[in-house]
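Here are a few exercises to work through with the model open in your viewer. Try each one yourself before reading its solution.

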Amino acid sequence: MSSNIIIPVDFTKAAEKAAEFAIQLNAKFQAKLTFLHVIESEDSRVSATASLSAFVNKLQLDSYESDQLIVKGKFLEDIGKIADASNADLVVMGTHGERG
């Protein structure tokens, strides 16, 4: 059974750094990289799909198995369910740091 790493993407610098870290991890584990973006409204699906494709294309993942997933929901409430449904072995996500 192959491994699956989910990388949530909100198109921030933190998400980009998390993606870069996941790629470094993947050099060792050879997992499938699943790039995830959660939308709250179906109205944003088309633009979210285009943005996620552009984000992933910048990473130049030609030698890695990857997938893109757009899911309607609430990120904080649904990330665990999405990870379970995707058979994720690991979720690699960025942080914006501590806020006051």
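**Exercise 1.** What covers the buried residues of helix 3? Find them, and describe both faces of the helix.

*Solution.* First, the ground rules: this is a predicted model, where local features need pLDDT of at least 70 and side-chain atom pairs count only at pLDDT 80 or more, while totals for chains, interfaces and linings use all residues. Residues are numbered from 1 along each chain as its sequence is written, and side-chain values use heavy atoms, with hydrogens and water left out.

Step 1. Helices (H or I, at least four residues) and strands (E, at least two) are DSSP runs, numbered from the N terminus. Buried means under 20% relative accessible area, exposed over 50%, and partly exposed in between (1.4 Å probe, protein chains only). In helix 3 (residues 75–85), the buried residues are Asp78, Ile79, Ile82 and Ala83.

Step 2. These residues lie on the same side of helix 3 because they cover an arc of only 145 degrees around the axis, taken from the directions from the helix axis to the C-beta atoms.

Step 3. The cover includes strand 1 (4–8), strand 2 (32–39), strand 3 (66–72) and strand 4 (90–91). Contact here means heavy atoms within 4.5 Å.

Step 4. On the face turned away from the buried side sit the exposed residues Glu77, Lys81, Asp84 and Ala85.

**Exercise 2.** Which residue forms a salt bridge with Asp78? Compare the accessibility of the two partners.

*Solution.* Step 1. A salt bridge is a side-chain nitrogen of Lys or Arg within 4 Å of a carboxyl oxygen of Asp or Glu. Asp78 pairs with Lys81 at 3.5 Å, N to O.

Step 1. Both partners belong to helix 3 and are 3 residues apart, about one turn of the helix.

Step 2. Asp78 is buried, with a relative accessible area of 16%, whereas Lys81 is exposed at 58%.

Step 3. Elsewhere, salt bridges that share partners connect Lys13, Glu16 and Lys58 in one network.
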